[in-house]
Amino acid sequence: MPRLRQVTRDEVTDPLTLFFYDRLFGPDRDPVAAPGTATGSPGDWWTVFALDPVILKHCVKGFQLYREAELDPVLRELGQSRAGWARGSQFVFSQHCKQMRALGVPDEKVQAVAHWQVSPLFDELERAVLAYTDGLVLDGGRVHDEIFAVLRAHLSDRQILELTYITCLYEMHATMSRALRLEFDDRPEPVVEVASPDGYGVRDIADDLRAGG
């Protein structure tokens, strides 16, 4: 379950929130009691963000912004899906893999986003977009001049700004999704201690190491 309370349909008073509840879940369904969207996600991003209609409205405007960008939508989706993968958000990665397929990107290329560095499927600009995304997400904005030079050789300044903004926007969504355990990011912490066999402790391990040395 998400870490924050979900808003039931009968609690909603904001018209925009109700519009999306109707559009995504149907006018007769409470998405908390009966979750699920057409894309296969639970839909709890919407029911949690409904806690604050101002934030929800701001997010929706961000979605509209990226759809109206001048940037090639395939490049946009490369940045969004790679941002999801790099930040470890199964939700953002999964949703934008679907978007790439909807734009006609072959499945093998979609799958190669996870290992783009060794894939021959991406052209020079696409590789630069993926490298730029890694610089934004994994290196905190540290991007080598050679990567930026390739972007500038193919894209306008406005398009590079759009790419930067949209990619960082989806890094934020990936981070929030993981922190709040929303949608496909509602998963237990994967890094936990693996217990030793009963009765076997740290001192036993140290003794074994000394004996073996």
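A pocket is an open set of grid points, with protein on both sides within 12 Å along at least five of seven lines, and a residue lines it when one of its atoms is within 4 Å of a point. The views below show a predicted model.

**View 1. Lining of the second largest pocket.** About 230 Å³ of space lies in this pocket. The residues that line it are Arg 3, Gly 88, Arg 178, Ala 179, Arg 181, Asp 185, Arg 187, Pro 188, Glu 189 and Pro 190. By class, the lining of the second largest pocket divides into six charged residues, three nonpolar and one polar.

**View 2. The largest pocket and the helices around it.** The volume of the largest pocket is about 860 Å³. It is lined by 25 residues, and those closest to its centre are Leu 24, Trp 46, Phe 63, Tyr 66 and Arg 67. At least two lining residues come from each of helix 1, helix 2 (44-49), helix 3 (53-67), helix 5 (90-102) and helix 9 (157-180). Helix 5 contributes the most, with six residues. The lining of the largest pocket holds 11 nonpolar, 10 polar and four charged residues.

View 3. The buried residues of helix 4 are Val 74, Leu 75, Arg 76, Glu 77, Leu 78, Gly 79, Gln 80, Ser 81, Arg 82, Ala 83, Gly 84 and Ala 86. These buried residues pack against helix 3, helix 5, helix 7 (124-137) and helix 9.

View 4. Arg 76 and Glu 77 are among the buried residues of helix 4. Their side chains form a salt bridge, with 2.9 Å between the closest N and O atoms. Buried means under 20% relative accessible area. Glu 77, at 0% relative accessibility, therefore counts as buried. Arg 76 has a value of 7%, so Arg 76 counts as buried too.

**View 5. The salt bridge between Asp 22 and Arg 9.** The two side chains meet with an N to O distance of 2.8 Å. Asp 22 counts as partly exposed, at 29% relative accessibility. Arg 9, at 17%, counts as buried.

**View 6. The salt bridge between Glu 11 and Arg 5.** The closest N and O atoms of this pair are 2.8 Å apart. Partly exposed is the class between buried, under 20%, and exposed, over 50%. Glu 11 has a relative accessible area of 35%, so Glu 11 is partly exposed. Arg 5 is partly exposed as well, with a relative accessible area of 48%.

**View 7. A salt-bridge network.** Salt bridges link Glu 70, Arg 158 and Glu 162 in a network. A search of the whole structure finds 11 salt bridges.

Technical notes
Residues numbered from 1 in each chain as written. Predicted model: local features only at pLDDT ≥ 70, side-chain atom pairs only at ≥ 80, totals over all residues. Heavy atoms only, no water. Salt bridge = Lys/Arg side-chain N within 4 Å of Asp/Glu carboxyl O. Buried < 20%, exposed > 50% of the residue type's maximum accessible area, 1.4 Å probe, protein only. 1 Å grid on protein atoms, 1.4 Å probe; cavity = no way out; pocket = protein on both sides within 12 Å on 5 of 7 lines; lining within 4 Å. Points joined across faces, edges and corners; volume = space filled by probe spheres on them. Helix = DSSP H or I, 4+ residues; strand = E, 2+ residues; numbered from the N terminus. Nonpolar A, V, L, I, M, F, W, Y, C, P; charged D, E, K, R; others polar. Contact = heavy atoms within 4.5 Å.
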